[in-house]
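Here is a briefing on one protein chain. Look over the sequence and the model first, then read the notes by topic.

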Amino acid sequence: IAVLAGGRLFAPQPEVIAQLVDKHIAYAQLEAPAEFASSDQGAVTEWFVRQAGLRVTVPDYSPAGIRLVGARIADLDERRAAYVLYEKGHTLLSVFIAPTRGEGMELTGTRAAYRGHEYVTREQKGYRTVSWRDGQAIFGFVSMLDYEALLECADRLRAERAAQTRL
């Protein structure tokens with residue numbers, strides 16, 4: 001339902017996880033879902049800095065058979081977000097990282113503990129999602145991979161990001 005406020009028309013924003021799933025579906029339908037196609041972690045990291053001023057951790061999931069495909073700049077809740085695309089076989093894994101600005105961007109779903117950290121899991125339109133926020137950013141994984149694989153990937157990103165911020 002649209003609301004008229006202050007002379008402007010506002011439509012309610014879809015919940016964050018729903019936005020991520022919709023973007024995952026939309027990007028998967030593109031001939032080239034990655035604006036910047038590269039399997040080089042360093043090149044993808046540098047591309048985000050050059051294109052959007054975003055410092056993004058790009059983990060190596062190749063030991064799990066998940067390869068880096070590339071990246072694009074996404075829009076999430078009216079802010080620029082990093083979209084990193086991986087693939088295992090023919091199954092896509094979308095990783096979204098969006099800076100937070102105070103309140104908003106609430107995560108809804110089932111709380112799941114994994115290796116001492118809390119994540120939010122949810123199924124939406126047939127896709128599994130794992131997400132969390134750390135005060136500086138919101139992180140969202142969307143795929144048809146099983147929850148164990150998604151939680152493992154999320155935990156690796158969290159650990160690598162923590163190591164980078166300690167340096």
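Along the sequence, the protein chain runs β-β-α-β-α-β-β-β-β-β-β-β-α. That comes to 3 helices and 10 strands; helices (H or I, at least four residues) and strands (E, at least two) are DSSP runs, numbered from the N terminus. The model is predicted: local features need pLDDT of at least 70, side-chain atom pairs count only at pLDDT 80 or more, and totals for chains, interfaces and linings use all residues. Residues are numbered from 1 along each chain as its sequence is written, and side-chain values use heavy atoms, with hydrogens and water left out.

**Whole chain**

- Of the 167 residues in the protein chain, 46% are buried. Buried means under 20% relative accessible area, exposed over 50%, and partly exposed in between (1.4 Å probe, protein chains only).
- Take the contacts in the protein chain with a separation of 6 or more: 58% of them join residues 24 or more positions apart. Contact means heavy atoms within 4.5 Å.

**Sheet**

- An open sheet is formed by 8 strands, ordered β3-β4-β5-β6-β10-β9-β8-β7, with antiparallel pairing. Two strands pair if DSSP finds at least two bridges between them.
- Its edge strands are β3 (36-37) and β7 (110-114), and each pairs on one side only.
- β4 and β5 run antiparallel and are joined by 9 bridges. Ala 74 has Ala 81 in β5 as its bridge partner.
- The hairpin of β4 and β5 has 2 residues between the strands, and Asp 77 there takes a positive phi near 55°.
- β5 and β6 also pair in the antiparallel sense, over 7 bridges. They form a hairpin with 2 residues between them, where Gly 89 in the turn has a positive phi of about 65°.
- Why is β5 largely enclosed by the rest of the structure? Because 8 of its 10 residues are buried.

**Arg 67 and Glu 87**

- Arg 67 sits in strand β4. With a relative accessible area of 46%, Arg 67 is partly exposed.
- The bridge partner of Arg 67 in β5 is Glu 87. Glu 87 in turn stands opposite Leu 92 in β6.
- Beyond its neighbours within four places in sequence, Arg 67 is in contact with Leu 85, Tyr 86 and Glu 87.
- From Arg 67 to Leu 93 is 26 residues in sequence and 9.5 Å in space, C-alpha to C-alpha.

**Asp 77**

- Asp 77 lies in the loop between β4 and β5.
- The C-alpha atoms of Asp 77 and Glu 15 are 8.9 Å apart, across 62 residues along the chain.

**Nonpolar cores**

- The largest nonpolar core has 31 residues, and Phe 48, Tyr 86, Leu 93 and Phe 141 touch the most other members. A nonpolar core is a set of buried Ala, Val, Leu, Ile, Met, Phe, Trp, Tyr and Cys residues joined through side-chain atoms within 4.5 Å.
- Two or more residues of this core come from each of α2, β4 (67-76), β5 (79-88), β6, β9 (127-133), β10 (137-143) and α3. The largest share, 5 residues, is from α3.
- Not counting residues up to four places away in sequence, Phe 141 touches several residues, including Tyr 61, Leu 93, Trp 132, Leu 150 and Leu 157.
- Another core lies apart from it, with 19 residues, among them Val 21, Val 69, Tyr 83 and Leu 92.

**Largest pocket**

- The largest pocket has a volume of about 270 Å³. On a 1 Å grid over the protein atoms alone, a pocket is an open set of points where a 1.4 Å probe fits, with protein on both sides within 12 Å along at least five of seven lines. Grid points are joined across faces, edges and corners, and a volume is the space filled by probe spheres set on the points.
- It is lined by 15 residues, and those closest to its centre are Leu 54, Arg 55, Val 56, Gln 136 and Arg 161. Lining residues have an atom within 4 Å of a point.
- α2 (41-52), β6 (91-99) and α3 (147-166) each supply at least two lining residues.
- The lining divides into 7 nonpolar, 6 polar and 2 charged residues. Ala, Val, Leu, Ile, Met, Phe, Trp, Tyr, Cys and Pro count as nonpolar, Asp, Glu, Lys and Arg as charged, and the others, Gly among them, as polar.
- Arg 161 is in helix α3 and is buried, with a relative accessible area of 13%.
- Neighbours within four places in sequence aside, Arg 161 is in contact with Arg 55, Thr 57, Asp 134, Gln 136, Ala 137 and Phe 139.
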